[in-house]
Amino acid sequence: LERRQLPAGRAGLMGQASVLASLAHPETTSPTHRGLAYYQTMLCRPVPSPPPGAADLARLKLFNPDDPKATQRQHFEFAQRNAPECTNCHGEFIPMGLSLERFDAVGAWRDTEHGRPIDPSVTIEGFGDADGSYADGIALARGIAESETGRACFVVQLGTFVQGHELDPEVAACELEHITQRWHEGGGGKLRELLVELAASNTFTAGPASATTSS
């Protein structure tokens, strides 16, 4: 094994080509899939079901037919003007995906798309202390990781993986809050200490039903 220095612009999971490629289409990026990685996985936000006929509407209104060389951001701006019924929901997570447009469909770095400059900046609102303006997707991931909102979501996601069943944040909210607090106060935010806290929790030792009485 050899320690290598990552090039500028890459850091963490969202800078890994394998992750970026898995969140893209074969030949184009997918701001939707990449945005949902932030929205659902890092921020634990549920996505409502699309309305009837959404697929047909997407084909007609989400991509500008008069500008085949438009960037993904320009297509999204087109959709905002022409399909507000779609972007009212998609507008919450697609901008997060646009923050990763410096990485193409296979995760390779690029400065332009179809010869046009890429703007990876993003501003998010409605996510508590994770709100703010970020220069790109790597800065966004770092901001979420450093926020209480992001840390709480990480506890839910890791707890789901460790325990082998989905945790209901509403049911287990009290215990998850205590776990998150103890993790950072006593464990210094180290992953090993979080695993200890999860293994000692009521939901792990006594089963999901105990979460309703843990508070």
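Two rings of Phe, Tyr or Trp count as a pair if their centres lie within 6.5 Å. By that rule, ring pairs join Tyr39, Phe93 and Phe127 into a cluster. The model behind this picture is predicted.

Start with the chain as a whole. The protein chain holds 11 helices and 4 strands. It has 215 residues, and 39% of them are buried. The accessible surface of the chain is about 12500 Å². Carbon and sulfur atoms account for 54% of that surface. Now consider contacts between residues at least 6 apart in sequence. Of these, 57% join residues at least 24 apart.

Next come the aromatic rings. The count for the model is 3 aromatic pairs. Take Tyr39 and Phe93. Their ring centres are 5.6 Å apart, and their planes meet at 55°. Stacked pairs need planes under 30 degrees apart, and edge-to-face pairs need over 60.

How exposed are the partners? The cut-off for buried is under 20% relative accessible area. Tyr39 has 7% relative accessibility, so it counts as buried. Phe93 has a relative accessible area of 2%, and is therefore buried too.

Phe103 and Trp109 form another aromatic pair. Here the centres are 5.5 Å apart and the planes are at 85°. That angle is over 60 degrees, so the pair is edge-to-face. Phe103 is buried, because its relative accessible area is 3%. Trp109 has 38% relative accessibility, which makes it partly exposed. Partly exposed covers the range between the buried limit of 20% and the exposed limit of 50%.

One further aromatic residue deserves a look. Phe78 lies in helix 4, which spans residues 72-82. Its relative accessible area is 13%, so Phe78 is buried. Phe63 is 15 residues from Phe78 along the chain. The C-alpha atoms of Phe78 and Phe63 are separated by 6.9 Å.

Return to the cluster to finish. Tyr39, Phe93 and Phe127 are linked by ring pairs.

Technical notes:
Residues numbered from 1 in each chain as written. Predicted model: local features only at pLDDT ≥ 70, side-chain atom pairs only at ≥ 80, totals over all residues. Heavy atoms only, no water. Helix = DSSP H or I, 4+ residues; strand = E, 2+ residues; numbered from the N terminus. Buried < 20%, exposed > 50% of the residue type's maximum accessible area, 1.4 Å probe, protein only. Contact = heavy atoms within 4.5 Å. Areas by Shrake-Rupley, 256 points an atom, 1.4 Å probe, with all protein chains shown as cover. Phe/Tyr/Trp six-rings, centres within 6.5 Å; stacked < 30°, edge-to-face > 60°.
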